[in-house]
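The sequence and the structure come first.

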Amino acid sequence: MTRLVVISNRVAVPKARGAAGAQGGLAGALNSALRKHGGIWFGWSGQEVDEYSGDIHVQRSADGVTTATIDLEPQDIEEYYNGYANSTLWPLFHYRIDLTEYEREFGRGYERVNERFADSVLPLIEKNDTVWVHDYHLMPLGERLRARGVNNQIGFFLHIPWPPTRLFVSLPYHERLVRSMLHYDLIGFQNDEWLESFLHYCRKELGAEVNDKTGEIRLDGRTSRAKSYPIGIDYDHFMAKGDTGKARQAQQRLMSSTRHRVAMIGVDRLDYSKGLPERIDGIGRFFDTYPDQVRDLVYIQIAPPSREDIGSYQDIRATLEQKTGQINGARSEVDVVPIRYVNKGYSQEELFGFYRAAKIGLVTPLRDGMNLVAKEYVAAQDPEDPGVLVLSRFAGAAQQLQDALLVNPHSPDDVSHNINRALHMPLAERKERWEKLIVTVREDNVLRWTDNFISDLQSAEMTQQA
Ligand code: G6P
């Protein structure tokens with residue numbers, strides 16, 4: 001087995017963000033992959049320094065993963081992270097062209113930081129290493145490494161959706177970005193829909209020769225391959241977290257505080273792609289339609305803040321506070337508050353307990369690469385009395401989790417109707433659905449995802465030197 005060099009913007013599990021899904025699937029998944037395969041994880045430290053120095057901090061984490069990180073300067077963070085990555089690519093790739101900002105400085109900052117990543121990681125790459133680059137922050141990195149003479153197998157995985165060609169072409173210099181991606185040997189997507197959009201773009205806009213069956217893309221004498229690899233949770237690791245006193249205490253804590261009411265839970269980064277205001281509207285519609293059930297149900301929304309320097313994230317937070325406040329104001333009694341809204345993260349153990357105590361899991365993003373909260377919710381259920389997953393049809397996970405109650409998150413009526421269905425679903429149907437869901441969650445786990453990607457990458461022909 002060759003050594004892995006994993007490169008992503010975010011390295012290691014950010015503190016107090018909780019389980020894989022809540023912190024964004026990437027960090028948790030890569031941590032698990034590296035625990036198994038060994039190697040180095042390179043990226044941004046999350047720290048800001050006055051002036052970029054290129055110094056690399058090497059650390060070995062408690063669970064045996066070696067990380068190598070660099071600090072970035074304020075201008076980098078502003079233009080690359082808050083700017084091009086999270087104000088240009090993130091909204092556009094989540095179909096939010098209305099929120100997408102196209103600033104020339106953002107593009108320059110993105111190029112600059114990708115060069116910095118390439119320069120810094122270069123001395124760490126050894127001859128037989130397999131290099132695996134992650135996510136939208138680093139799409140051109142493969143080309144930058146090739147330009148520095150790296151002939152190793154280099155793969156790329158996109159953790160977020162790939163937008164339809166008609167949206168994607170609104171990005172200035174879109175051709176340059178995708179051409180740079182074709183320097184990877186293997187390009188992975190979360191599901192077939194994003195893969196098809198990418199292949200369509202390569203054929204239509206770049207005139208590349210595309211084989212839809214094999215995913216081969218030929219352009220300018222080089223061949224890359226694109227394929228879908230749906231990411232999963234670290235099932236065994238998560239189940240071990242569930243088998244702890246801390247998890248049981250958390251379960252008990254939620255159950256005793258909700259008593260005779262059914263707990264329904266949502267756990268999301270505070271991000272407009274997660275459909276939180278729309279979800280609250282759906283819950284409001286449920287209370288309007290079934291006013292006698294206000295006493296039967298309590299909704300717990302855990303939403304740790306995210307990317308707080310960006311205006312659209314500040315706006316979503318304000319909107320959500322207003323909407324939950326409105327519903328609670330109108331529907332509360334002295335002894336009943338229908339929505340509990342919490343702006344903090346919890347540990348994996350605690351989340352496991354909360355998921356298990358909640359009889360309905362509400363996961364309704366407007367657009368999501370995969371969504372691991374959905375999978376964690378399923379994993380945490382009691383096989384004898386499982387809860388019901390209500391899942392957006394626009395989450396990447398919907399392709400695999402067809403036995404959830406699939407909803408259109410834009411429709412308050414559909415959300416309300418399915419909450420009602422979940423609330424009254426007989427035990428036999430709950431079990432039948434859950435037994436099918438758990439097979440996928442258990443089998444298609446993160447270790448299988450890593451193995452599939454790595455073995456395809458390592459068996460890719462060395463076609464890049466043309
Ligand atoms: C998503 C992205 C990840 C990112 C995570 C958390 O899952 O795909 O790349 O790390 O969100 O966002 P943050 O900006 O805090 O890293």
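Which residue in strand 14 is the bridge partner of Ile265? In strand 14, that partner is Gly361.

The model is a predicted one, in which local features need pLDDT of at least 70 and side-chain atom pairs count only at pLDDT 80 or more, while totals for chains, interfaces and linings use all residues. Residue numbers start from 1 along each chain as its sequence is written.

**Domains**

The protein chain is divided into domain 1 (4–232 + 446–459) and domain 2 (235–443); these bounds come from an automatic or database domain assignment. The centres of domain 1 and domain 2, taken over C-alpha atoms, are separated by 29 Å. Domain 1 gives 27 residues to the contact and domain 2 gives 28 residues. Two residues are in contact if their C-beta atoms, placed from the backbone, lie within 7 Å.

On the side of domain 1 that touches domain 2, the elements giving two or more residues are helix 1 (20–23), helix 2 (25–37) and helix 3 (74–93). Helices (H or I, at least four residues) and strands (E, at least two) are DSSP runs, numbered from the N terminus. By class, that side of domain 1 has 10 nonpolar, 13 polar and 4 charged residues. Ala, Val, Leu, Ile, Met, Phe, Trp, Tyr, Cys and Pro count as nonpolar, Asp, Glu, Lys and Arg as charged, and the others, Gly among them, as polar.

An open sheet of 6 strands runs in the order 13-12-11-14-15-16 with parallel pairing. Two strands pair if DSSP finds at least two bridges between them. Strand 13 (339–342) and strand 16 (405–407) are at the edges and have a single partner strand each, so one side of each lacks a neighbour in the sheet. From one strand to the next, the twist averages 20°. Angles run from 0 to 180 degrees between N-to-C directions, and axes are lines fitted to C-alpha atoms, for helices over the stretch in contact. Within this sheet, strand 11 (residues 262–267) pairs with strand 14 (residues 360–363) in the parallel sense over 2 bridges.

Another open sheet has 10 strands in the order 3-4-2-1-5-6-7-10-9-8, with mixed pairing. Its edges are strand 3 (57–60) and strand 8 (209–211), each with a single partner strand, so one side of each is left without a neighbour in the sheet. The twist in this sheet averages 20° from one strand to the next. Strand 6 (residues 154–157) and strand 7 (residues 186–189) are paired in the parallel sense over 3 bridges. Phe157 is opposite Gly188 in strand 7. Helix 8 (residues 192–206) lies across strand 7, strand 8, strand 9 (216–219) and strand 10 (222–228), and runs at about 155° to strand 10.

**Helix pairs**

Two packed helices are described by the angle between their axes and the distance between the axes.

| Helix pair | Angle | Axis distance |
|---|---|---|
| helix 14 (residues 372–379) and helix 16 (residues 427–443) | about 120° | 9 Å |
| helix 7 (residues 174–181) and helix 8 | roughly 120° | within 11 Å |
| helix 11 (residues 276–289) and helix 15 (residues 412–423) | about 65° | 8 Å |

Helix 14 and helix 16 are therefore oblique to each other. Angles under 35 degrees count as roughly parallel, over 145 as roughly antiparallel, 65 to 115 as roughly perpendicular and the rest as oblique. Helix 14 passes helix 16 in a left-handed crossing, meaning that the near helix is turned anticlockwise from the far one by less than a right angle, whereas clockwise is right-handed. Lys375, Val378 and Ala379 of helix 14 meet Trp434, Leu437, Ile438 and Val441 of helix 16. This contact of helix 14 with helix 16 has 6 nonpolar, no polar and 1 charged residues.

Helix 7 and helix 8 cross in the left-handed sense. Here Glu175, Val178 and Arg179 in helix 7 meet Tyr201, Cys202, Glu205 and Leu206 in helix 8. The contact of helix 7 with helix 8 divides into 4 nonpolar, no polar and 3 charged residues.

The crossing of helix 11 and helix 15 is right-handed. Residues in the contact include Arg279, Asp281 and Phe286 of helix 11 and Pro412, Asp413 and Ile419 of helix 15. By class, the contact of helix 11 with helix 15 has 4 nonpolar, 4 polar and 4 charged residues.
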